[in-house]
Amino acid sequence: MKERHHCQLLEIALATVVDAVIGTDAHDHITFFNPAAESMTGWRSSEALGKPLTQVFFLIDQENDKVIDSPLDRVKHLDAATTGMTHAAVVNRRGLQVEIEYTAVAMRDPHGRFAGAVIVSRARRQTAEIALQTTNESLLANAEALFEEKERAQVTLNSIGDAVISTNFSGRVNYLNIVAEKMTGWVQLDAAGSAVDEIFRLVDTTTHETIPCPTAQAIIENRRISLKTGCVLTRRDGEEIAVEVSAAPIHDRNGGVIGAVMVAHDVTAARELSMKLARLALHDSLTDLPNRALFNDRLSEATTNAQLNGGYAALLYVDLDRFKHINDTLGHAIGDKLLQTVARRLLGCVRSSDTVSRQGGDEFVVLLADIVHVKDAVQCAEKLLSALEAPYRIGEHDLRVSASIGVAIFPDDARECDALVRCADSAMYQAKYHGRNNYKLFNPAAELDLLD
């Protein structure tokens, strides 16, 4: 009973010591293998028991770069009970070399014959410390390099002027840079895990229909997708921003698609500038009325429709009386404000389907599209004269101006646009000739009188 107790104590002790302990029989087959030996060699005890020692405990003499045939060669002889502390390297099951120091003690039967041995080994302290230090330094260097790379990427993404949003394979948001937060109105904490279409809501500017974010298409088709024009982002607060968007798939190290990154550029200012430039190309810079180019297009359209429908179109040529005197005496600033006020009054006298255009200086034309009777043009001319002769308050000045208006009717007076304009212009000079502040319908005979 006492011996059994001692055996249990020995087994517990050998199972908890840090040294690797291996026991063999007289034929060098393993009979005992403690947990530390398992950790050192990579062999489990159940696998090692019964195997030849050199198969499991494979040693190399590092100084001579030779394989040690057996660590028990010396202790098998009667003159060597122990090998003493020996340095070597054990090759573990994964093929890695571990520097150790070991000793082997022989066991003999009552007749002094070799009956087996016990081998005790441990990783060399210096080697272990160096390895641990090297490992720690390597881990620290990798961690610092990873932190620097992450910090560099973070600073870069937050320094660019575009919004960057990334998603996982399922289309759930996992990153927004600072610009994306400002653009969408969502912060990273609130947006994380949400469907990207909830955070980045796109609408077609023409149809006002929802546009799916291109991230899903980029993931499915594994290619870059671009939405260049016609996109409006609806922010979290409902404000709309014109954007250009592109998305590209994100791959893992094996080339598999694991998500997508979307880049959005705010083009609101650029689009507004483009629209402004386009408007300036077709509108008068002072009064914002259609210029000659836009007026000519609308005149051509109106005469074509009148011809197809069997109706009429009228052209009223308006010239302010004595405007030059006001411009010369009070200055161009007063003259410009007067012209702007005149433009507003002219617009207030016509339908939305009609066109008021400034031809230059103090000359305007009014196009009445799709009128039924000539008298409609006459009534409009009278309305214009009445509106224009009302007093003007420009700065500190009370001004009064009148106008002379010439009226030409399509197709009665002319069937070509240029000819119709000349007819209206001729009628306007007839109005000036007959005292100003009135209108005249085009009359070919009166035109001849003017020439005389």
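Mentor: Buried means under 20% relative accessible area, exposed over 50%, and partly exposed in between, with a 1.4 Å probe and protein chains only. This is a predicted model, where local features need pLDDT of at least 70, side-chain atom pairs count only at pLDDT 80 or more, and totals for chains, interfaces and linings use all residues. Residues are numbered from 1 along each chain as its sequence is written, and side-chain values use heavy atoms, without hydrogens and water.

Trainee: Which residues of H15 are buried?

Mentor: Among them are Ala419, Leu420, Cys423, Met428 and Lys432.

Trainee: Why is Asp319 called buried?

Mentor: Its relative accessible area is 7%, and the limit is under 20%, so Asp319 is buried. Asp319 is found in strand E15, residues 312-321.

Trainee: What makes the link between Asp319 and Lys432 a polar contact?

Mentor: A polar contact is a pair of N or O atoms within 3.5 Å; within protein, one must be able to donate a hydrogen and the other to accept it, and residues adjacent in sequence count only if both atoms are side-chain atoms. The side chains of Asp319 and Lys432 are joined at 2.8 Å.

Definitions and conventions. Helices (H or I, at least four residues) and strands (E, at least two) are DSSP runs, numbered from the N terminus.
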